[in-house]
Amino acid sequence: MKKSYTKGAKISNSKGSRKTILNFLKGLLKKGSLDAVLIPMRVPAGDSYAWVLIKDKKLLDDANPIAPIMPVQGANALSSCTKKGKGNLKIAALMRPCEIRAAIELSKLNQVNLESVTLISYDCPGALPMSDYLQDPGEGEKVFDSLLKKRDRDVESVKPVCGICDNFSILPASDLHFGLSADSRDNILLIPNSKKGTGLLNKMDIKPSEDISSWAKNIEELKKVQEKKRKERFEYVKDMVEGFDSLVKTFSACVGCHNCESVCPVCYCRQCYFESETAKPDIESILLKTKNRGSISLPADRIMFHVGRMVHMSLSCVSCGLCTDACPVSIPVAELFSYVGDRTQQTFEYRSGEEKGEPIPMKTYRKEETKGINELVKGAEG
Amino acid sequence: MKPEGKDNFTPKIVGYLCNWCTYAAADMAGSSKLEIAPELTVIKVMCSSRIDFNMVLTTFFNGADGILIGGCHPGDCHYDKGNYYTRRRFALFKDIMKILKLDPERLQLSWISASEGNRYAEVVNSFTEKIKKLGPNPLNGNPYF
């Protein structure tokens with residue numbers, strides 16, 4: 001059983017939550033408790049954000065710990081530097097909860113090494129859709145700033161999948177958490193959630209002595225509201241994927257660019273089956289298929305690609321919504337995958353990105369399976 | 001040639017059978033001269049856990065009306081634990097087919113050991129009957145898939 005942490009430290013928020021977070025990280029770099037920080041930074045053109053691993057304290061001033069958009073999944077950035085094993089650097093990664101969950105999934109698949117990484121999360125207000133932000137980045141920043149100042153979740157301007165997110169706060173996997181929606185906007189709660197997190201606070205001489213129950217209660221209430229919204233939205237999404245005809249309709253505009261796959265943090269395979277030579281049939285087999293089925297749309301496997309991806313990664317889907325952002329024809333891929341993912345994860349009694357050590361469902365088994373699984377394989381015994 | 005109506009419809013059924021048990025059971029059923037529905041095309045696999053959902057999908061999308069997966073009884077796997085993985089994978093396949101309403105009844109898993117020739121014939125015959133009742137795969141003739 002994981003030890004639960006119920007205390008936090010209140011730190012003043014007079015300079016704004018972003019500055020407060022940056023100052024804390026700078027302090028850690030100064031003390032040498034951390035060697036580098038993985039954090040988003042606005043690109044010179046001002047219309048996007050990039051992940052930067054920063055060792056130089058001065059550069060941290062230009063970083064933006066809470067970026068309004070999510071052009072690259074933080075888990076991908078983390079994977080790109082820790083995939084081949086842990087280094088000597090002590091890294092802190094400041095990421096959205098969905099990015100942390102993706103990182104946990106990737107660590108189970110040996111694509112991320114978390115040994116020298118401290119995961120820092122915060123109460124995420126959601127992210128803006130890329131398309132909206134790109135139209136006017138300046139306006140986007142303003143909209144997002146106002147979201148950050150609110151205590152409630154405003155779902156109007158964020159990505160649809162953020163609007164129905166019910167896992168936007170502290171996670172079992174986060175080492176340290178910034179409770180932004182504390183009682184008053186004057187304070188931020190700094191909550192240690194693991195030995196690593198407690199260690200960092202000790203180095204900074206911050207004592208987590210405040211009770212966090214009122215913050216936690218607020219988060220619980222917000223979560224309940226979100227859960228309800230999620231359910232309502234899924235009722236609608238359901239109709240988009242149920243049955244062959246709706247599936248064809250939903251994906252009819254798909255141009256087969258595979259953007260959704262390449263941005264997906266948990267679609268990690270070095271080579272995807274659908275891009276391999278095996279998936280590219282020769283003329284003879286195309287003709288045979290046409291004969292068998294009466295017709296075939298080309299390039300083949302357009303819809304099979306999406307169904308195949310649902311099977312391969314719905315159990316690990318963290319509902320980050322990058323796929324929808326990347327879709328050139330605005331198919332609500334993320335909501336479809338969230339819906340399917342929620343249901344398959346329920347069957348396997350698994351929640352993606354929650355527990356660090358737990359293996360992904362397809363890499364393990366039980367001799368006596370759970371009720372959900374037994375129900376589905378009923379009839380195999382005869 | 002497209003199947004004409006449910007009544008005189010000859011289904012195409014593909015059976016992925018484990019080399020160590022169900023395939024041997026099929027062999028036994030054959031040598032015992034049992035009556036087995038002829039619509040099943042057998043593909044031998046070294047282990048039922050070798051079957052990925054892409055194989056299942058490809059089979060369905062290429063015009064099969066039903067798929068039978070045959071493996072060893074839990075606990076009897078030639079590779080010790082292969083069929084435990086099969087069970088999980090199959091549950092996932094079935095769950096996705098259920099969620100997407102892609103006719104989950106067209107996919108069946110059966111544990112049939114090497115000595116169960118009779119059971120093999122029974123399973124194949126009843127599955128074929130079931131598919132005949134279900135009719136042709138609705139994907140056939142859909143030009144967008």
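Okay, hi everyone. Before anything else, keep in mind that we're looking at a predicted model. Let's start with chain A as a whole.

Chain A has 15 helices and eight strands. As for the inside, 43% of the 382 residues of chain A count as buried. And take the contacts in chain A between residues at least 6 apart in sequence: 74% of those join residues at least 24 apart.

Now, strands in chain A. Find strand S2, residues 36-42. S2(A) pairs with strand S4, residues 91-94, in the parallel sense, over three bridges. If you want a spot to look at, Leu38(A) is opposite Ala93(A) in S4(A). S2(A) also pairs with strand S3, residues 49-54, and here the two run antiparallel, with six bridges. On that side, look for Met41(A), which faces Ala50(A) in S3(A). S2(A) and S3(A) make a hairpin with six residues between the strands, and in that hairpin Gly46(A) has a positive phi near 80°.

Most residues other than glycine have a negative phi, and most peptide bonds are trans. So here are a few places to check. Asp205(A) is not a glycine, yet its phi is positive, about 55°. You'll find Asp205(A) in the loop between helix H7 (195-203) and strand S8 (210-211). Is Asp205(A) buried or exposed? It has 8 C-beta neighbours inside 10 Å, so Asp205(A) counts as exposed. Glu349(A) isn't a glycine either, and its phi is positive at about 45°. Glu349(A) sits in the loop between H14 and H15 of chain A, and with 11 other C-beta atoms within 10 Å, Glu349(A) is exposed. Then there's a cis peptide bond, from Leu298(A) to Pro299(A), with omega near -10°. Pro299(A) belongs to the loop between H11 and H12 of chain A.

Next, where the chains meet. The contact takes 35 residues from chain A and 38 residues from chain B. Which helices of chain A each supply at least two residues to the side that touches chain B? Those are H9 (244-250), H11 (283-293), H12 (302-313), H14 (333-347) and H15 (371-376). The largest share, six residues, comes from H12(A). By class, that side of chain A has 18 nonpolar, 11 polar and six charged residues.

Last stop, chain B. Four strands form an open sheet here, in the order S2-S1-S3-S4, with parallel pairing. S2 (40-45) and S4 (107-111) of chain B are at the edges, each with a single partner strand, so one side of each has no neighbour in the sheet. From one strand to the next, the twist averages 20°. One pair to click on is Ile13(B) with its bridge partner Gly66(B) in S3(B). Helix H3, residues 82-99 of chain B, packs on the sheet and touches S3 and S4 of chain B. The direction of H3(B) makes about 160° with that of S4(B).

Terms used:
Residues are numbered from 1 along each chain as its sequence is written. Chains are lettered from A and ligands numbered from 1 in the order in which they are written. This is a predicted model: local features need pLDDT of at least 70, side-chain atom pairs count only at pLDDT 80 or more; totals for chains, interfaces and linings use all residues. A residue is buried if 20 or more other C-beta atoms lie within 10 Å of its own, exposed if 12 or fewer, and partly exposed in between; C-beta atoms are placed from the backbone. Two residues are in contact if their C-beta atoms, placed from the backbone, lie within 7 Å. Ala, Val, Leu, Ile, Met, Phe, Trp, Tyr, Cys and Pro count as nonpolar, Asp, Glu, Lys and Arg as charged, and the others, Gly among them, as polar. Two strands pair if DSSP finds at least two bridges between them. Axes are lines fitted to C-alpha atoms, for helices over the stretch in contact, and angles run from 0 to 180 degrees between N-to-C directions.
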